[in-house]
Amino acid sequence: MNRTYDVIVLGAGTMGTATAWALAKRDVRAVVLEQYAHVHSLGSHGGQTRVIRHAYAEGEDYVPVVRRADELWLALEEESGQRLLVRTGGLDLAAPGHGYARAARHSAEAHGVPHEWLDPAEVRRRWPVWRVPDDWDACFNPTTGYLLVDPALRALADAARRRGVVVQEEEPVLAWHATGSGVSVRTGQGTYEADRLVVTTGAWAGDLLAAVGIPLTVLRKTLWWLAVEQADAFLPDRFPVFITESDMGSIYGFPIHGEGGLKLADHYGGEVTTPAAVDRTTCDDEKRAVVPFAQRMLRGITDRVRASTVCLYEMTPDHDFVVDRHPTSPRVVVGAGFSGHGFKFATAIGEHLADLALDADVQPYPRFAFGRFGAGNVTPFRPEPDAEGGRYRTVVAE
């Protein structure tokens with residue numbers, strides 16, 4: 001078996017698979033090493049759907065990136081012949097004293113993103129299931145929608161494979177090593193060699209980021225699908241994606257997709273955990289994070305749970321991404337810490353990771369760079385490999 005490539009990618013989750021597609025379009029000989037099956041429920045992309053939005057309250061710096069990602073998702077739709085992105089429009093809602101909707105409007109105005117600043121009465125008129133109070137702010141963005149997670153990931157992998165990228169499933173990495181002349185990665189199946197390494201290991205990136213002085217906090221998050229009284233009122237052509245901010249939390253939700261109920265979750269909170277220790281079951285008490293909000297703010301919502309699941313957020317200290325070359329090993333590129341809002345950006349981030357790996361002149365986006373944490377001078381990390389596998393232990397040379 002050939003184990004020599006131009007680029008090795010660690011992790012075939014959201015960002016690793018998107019990077020594989022970007023490398024494949026450049027005719028790069030690449031292999032992606034994944035410790036589980038390609039699409040699984042153990043990381044950060046479980047839950048069927050993810051929001052894509054352009055009036056970005058987290059900061060206007062994100063808007064050009066998500067616009068590029070949107071273009072690439074549509075290109076992938078065309079290439080795959082599958083629908084991956086559903087436009088529903090999106091409501092950003094905020095109670096008095098909370099700035100989320102105004103921040104979304106600011107980003108929209110800064111970049112000419114289509115949007116409307118709505119009176120709550122107009123929200124209730126357009127979408128009668130809403131009970132938005134008169135003193136709330138409301139911003140509507142017609143280009144918001146949601147991505148279909150599993151079809152999107154499979155389309156990315158299929159497109160990469162068609163161009164020759166190898167995706168090795170069920171092959172945990174034991175250690176990797178970088179020198180001035182190349183990189184090597186050891187698994188239970190053997191050693192892979194390459195010129196460049198891209199590390200996209202999601203919630204398993206804690207060791208790597210800790211080695212350069214960035215604490216990564218993994219949060220356990222629960223997602224809920226609640227039964228509704230009249231499903232027609234919550235279908236994608238009648239009910240928009242929404243994100244709210246109030247004393248009840250940052251509750252977000254989706255139209256009914258497929259046979260499920262109304263999907264809701266709270267972006268705030270979450271138990272600190274690790275991928276190895278996380279409790280992957282939900283209990284009825286936990287639905288209190290979303291049921292009171294749903295029954296107060298929306299008509300026809302029951303407390304009957306149709307489904308629930310657990311996913312992981314890997315949080316950086318500032319909740320922004322880390323997408324940059326390793327500060328002491330420039331042959332290594334890192335994409336990590338996507339802090340619960342990364343999926344929508346995957347195609348653009350994968351493209352940027354490929355650019356950083358292949359072109360020394362490409363610079364990282366300043367907002368996502370290691371340097372913002374003062375990580376320019378770090379001590380190389382040299383732990384012993386984990387003999388049991390399943391953890392991405394790093395061995396970095398100066």
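Predicted model: local features only at pLDDT ≥ 70, side-chain atom pairs only at ≥ 80, totals over all residues.

Trainee: To begin with the helices, at what angle do helix 2 and helix 5 pack, and how far apart are their axes?

Mentor: Two values describe such a pair, the angle between the axes and their separation. Helix 2, which covers residues 62-80, packs against helix 5, residues 149-162, at an angle of about 65°, and their axes are 10 Å apart. The two helices are therefore roughly perpendicular to each other, and their crossing is left-handed.

Trainee: Which residues in helix 2 and helix 5 meet?

Mentor: From helix 2 the contact takes in W73, L76, E79 and S80, and from helix 5 it takes in A152, A155, L156, A159 and R162. Sorted by class, this contact holds 6 nonpolar, 1 polar and 2 charged residues.

Trainee: How should I read the pair formed by helix 1 and helix 5, and at what angle do their axes cross?

Mentor: The axes of helix 1 and helix 5 come within 8 Å and cross at roughly 30°, in a crossing that is left-handed. On the helix 1 side the meeting residues are T14, T17, A18, A20, W21 and A24, while helix 5 brings L153, L156, A157, A159 and A160. The class count here is 9 nonpolar, 2 polar and no charged residues.

Trainee: Which residues meet where helix 2 packs with helix 8?

Mentor: Let us take the geometry before the residues. The axes of helix 2 and helix 8, the latter spanning residues 346-358, come within 7 Å and cross at roughly 100°, which makes helix 2 roughly perpendicular to helix 8. V65, R68, A69, L72 and W73 in helix 2 meet A346, T347, A348, I349 and E351 in helix 8, and these residues divide into 7 nonpolar, 1 polar and 2 charged.

Trainee: Turning to the open spaces, how much space lies in the largest pocket, and which residues lie nearest its centre?

Mentor: The largest pocket holds about 930 Å³ of space, and of the 50 residues that line it, F338, S339, G340, H341 and G342 lie nearest its centre. The elements that give two or more residues to this lining are helix 1, strand 3, strand 14 and strand 18, with strand 18 giving the most, 5 residues. By class, the lining has 20 nonpolar, 21 polar and 9 charged residues.

Trainee: How many cavities of 30 Å³ or more are there, and what lines the largest cavity?

Mentor: A cavity is read in the same order, although here a probe cannot get out. The count comes to 2 cavities of 30 Å³ or more. The largest cavity, with a volume of about 50 Å³, is lined by residues including V51, R53, D92, N141 and F242, and strand 5 and strand 14 each supply at least two residues of that lining. Its lining residues divide into 6 nonpolar, 3 polar and 2 charged.

Trainee: What lines the second largest cavity?

Mentor: That cavity has a volume of about 30 Å³, and Q48, T49, W225, F254, P255, H257, G261 and K263 line it; by class they are 3 nonpolar, 4 polar and 1 charged.

Note on methods
Residues numbered from 1 in each chain as written. Heavy atoms only, no water. Axes fitted to C-alpha atoms, helices over the stretch in contact; angles between N-to-C directions. Helix = DSSP H or I, 4+ residues; strand = E, 2+ residues; numbered from the N terminus. Parallel < 35°, antiparallel > 145°, perpendicular 65-115°, else oblique. Left-handed = near helix turned anticlockwise from the far one by under 90°. Contact = heavy atoms within 4.5 Å. Nonpolar A, V, L, I, M, F, W, Y, C, P; charged D, E, K, R; others polar. 1 Å grid on protein atoms, 1.4 Å probe; cavity = no way out; pocket = protein on both sides within 12 Å on 5 of 7 lines; lining within 4 Å. Points joined across faces, edges and corners; volume = space filled by probe spheres on them.
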